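My entries follow in the order I made them.

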Amino acid sequence: MAAIGMMACSISHDMRHSLSAIYANAEFLERRDRCASERADLLLEIQEAALAMTERIDSLLQFGRSGRRPLVPECISFVVDEAVAAVKSHPDGRNVSVSAGMVPSTKAVIDARNLESALFNLLLNACQAATRSTHVPEVKVQVTEADERIDITILDNGPGIPGSIRKTLFDPFVTAGKLNGTGLGLTLARRIAEEHGGGVCLVESNPGRTAFTLSLMKNRPLPLDDLKIGSPSFEA
């Protein structure tokens, strides 16, 4: 109950912040003394605030959902490309170099929409971390396969994961000081990966290099009842 109360307070605060920005900018837009470029900037801030609110609501809905959609054969490269394109168009990814290496043209039995969402969450976290880098912000995606398993690794050159939250990184509502975040991104990514017979783990985290790997099975997704409660995680 305490966690739910903290989450409600956090969400309420973030929603109020976004709504205040929308209301204030809408008032500024009514003024006739604003030039075209200023009005464009105000409109962009309204759009970004609305997007942030939508993302928070989508995360909460996905976190609370029950049941699964059918898994169907789909090309992994398509899902990776869609997730990369989506994060590049996000405000937090526009000024980050996001690139994917050679992606095998492998098909897997997946829920493409959910898997794309999991990858998007990991990529968005990486972009947000990379913007705090002392170098040009950069995020890379690497895809490897071995027998029936596919590993998708996302690397960023940000400052690294704070040691204080590494052991609880995949718990709901855990976030590393983000202004706009529910702390559900990694939780959802791990759950989606588990639904595909895999998991998500923090492989390494040092200043200038952090790597998360999402793994899944090509053709043998495990039943939910057989999944372990936890996923392997990086220990400090």
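I began with helix 4 (residues 112–130) and helix 5 (185–195), which pack at an angle of about 145° with their axes 9 Å apart. Axes are lines fitted to C-alpha atoms, for helices over the stretch in contact, and angles run from 0 to 180 degrees between N-to-C directions. Helices (H or I, at least four residues) and strands (E, at least two) are DSSP runs, numbered from the N terminus. I noted that helix 4 passes helix 5 in a left-handed crossing (the near helix is turned anticlockwise from the far one by less than a right angle; clockwise would be right-handed).

This is a predicted model, in which local features need pLDDT of at least 70 and side-chain atom pairs count only at pLDDT 80 or more, while totals for chains, interfaces and linings use all residues. Residues are numbered from 1 along each chain as its sequence is written, and side-chain values use heavy atoms, with hydrogens and water left out.

Which residues of helix 4 meet helix 5? I listed Asn 114, Leu 115, Ala 118, Asn 121, Leu 122 and Asn 125 from helix 4, against Gly 185, Leu 186, Leu 188, Ala 189, Ile 192 and Glu 195 from helix 5 (contact: heavy atoms within 4.5 Å). The residues of this contact divide into 7 nonpolar, 4 polar and 1 charged. Ala, Val, Leu, Ile, Met, Phe, Trp, Tyr, Cys and Pro count as nonpolar, Asp, Glu, Lys and Arg as charged, and the others, Gly among them, as polar.

Next I checked Phe 170, in the loop between strand 5 and helix 5. Phe 170 is buried, at a relative accessible area of 4% (buried is under 20%, exposed over 50%, partly exposed in between, with a 1.4 Å probe and protein chains only). From Phe 170 to Leu 184 I read 8.2 Å, C-alpha to C-alpha, across 14 residues of sequence.

Then the strands. Strand 4 (138–146) pairs with strand 2 (residues 97–100) in the parallel sense over 4 bridges, and Ala 100 has Val 141 as its bridge partner in strand 4. Pairing requires at least two DSSP bridges. With strand 5 (149–156), strand 4 pairs in the antiparallel sense over 8 bridges; Gln 142 stands opposite Thr 153 in strand 5.

Is Asp 147 buried or exposed? Asp 147 is exposed, with a relative accessible area of 71%. Asp 147 sits in the turn of the hairpin of strands 4 and 5, which has 2 residues between the strands, and its phi is positive, about 55°.
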